[in-house]
Amino acid sequence: MAMSVCDDTLLCNFPKCRTKLSGFAWVTACSHIFCDQHGSGEFSRSPAICPACSSALSGKLDIVRTELSPSEEYKAMVLAGLRPDVVLDISTRALAFWSYQVHQERMYQEYSLSRADTQLKQMEKMLTQQNQSRELELTAMKGEIASLKKVTEEYKRKYSEVSERLMERNRQYKKLQGLYDSLRLRNMVVGEGERRTSQQPRHQDNNAGVSRQATPQKSSVFLSFGPAGDSRFFSGLEADGAEPFF
């Protein structure tokens with residue numbers, strides 16, 4: 001808010017300070033005013049330079065430390081004895097200093113407002129660009145989501161078909177497995193019957209062989225004894241494949 005002539009206090013003209021002045025202040029011939037802290041620090045070195053406008057302050061009264069709230073005694077005596085024209089001249093210069101400070105403050109506030117307005121417009125422009133970019137990204141993402149939904153539906157359809165095929169294959173497999181088990185069981189039963197059938201004649205033949213071996217057979221070798229029988233005995237041996245003794 002711009003400062004008016006009726007405002008009670010001025011602001012320090014030191015850059016980045018701008019505190020309300022109270023107590024003592026430093027006033028320069030270039031119509032600038034500073035708080036006691038920055039005035040004491042800046043004007044203690046020589047040559048003195050105004051921190052606000054970089055003007056050289058080499059005169060004896062170019063820098064004055066003044067009390068902003070003087071006592072009643074001071075106010076009663078400071079201009080006492082001066083001619084009215086001198087008093088008016090002093091008052092006019094003091095009012096001009098105050099008016100200059102008000103004008104400078106208004107210019108500073110307008111500059112700050114203009115800079116803030118420029119920054120605001122830049123930020124609004126950036127925000128608009130970002131919103132447009134976000135809208136484009138959002139549109140692209142919506143399209144991608146729609147495409148992914150279509151792909152997902154297609155995969156679901158294929159998965160359903162594959163699941164149905166798998167269930168059908170499982171049913172066929174169980175059916176074939178049942179047929180295979182029944183055929184294997186039947187083959188086992190038939191094979192067992194054939195095995196028993198093939199083993200039974202062999203057992204009978206073995207028994208018959210044992211019977212034949214147990215029953216002695218009559219041979220011509222043992223039919224008679226004597227001269228003729230001897231010859232038949234040896235002829236029987238030769239018939240069986242034995243070699244003659246003579």
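**Cysteines and overall build of a predicted model**

Q: Which cysteine holds the sulfur closest to that of Cys53, which is too far for a bond?
A: In this predicted model, local features need pLDDT of at least 70 and side-chain atom pairs pLDDT 80 or more, while totals for chains, interfaces and linings use all residues. Residues are numbered from 1 along each chain as its sequence is written, and side-chain values use heavy atoms, with hydrogens and water left out. A disulfide requires two cysteine sulfur atoms within 2.5 Å, and the sulfur of Cys53 is too far for a bond because it lies 3.6 Å from its closest cysteine sulfur, in Cys30.

Q: How many disulfides does the structure hold?
A: The sulfur of Cys35 has its closest cysteine sulfur in Cys12, but the 3.8 Å between them is too far for a bond. For the structure as a whole, the number of disulfides is zero.

Q: Is Cys35 buried or exposed?
A: Buried means under 20% relative accessible area, exposed means over 50%, and partly exposed is in between (1.4 Å probe, protein chains only). Cys53, at 34%, is partly exposed. Cys35 has a relative accessibility of 11%, and therefore counts as buried.

Q: What pattern does the protein chain follow along the sequence?
A: The chain contains five strands and four helices, which are DSSP runs numbered from the N terminus (helices H or I, at least four residues; strands E, at least two). Read along the sequence, their pattern is β-β-α-β-β-β-α-α-α.

Q: What percentage of the residues in the protein chain is buried?
A: The protein chain has 246 residues. Of these, the buried ones make up 12%.
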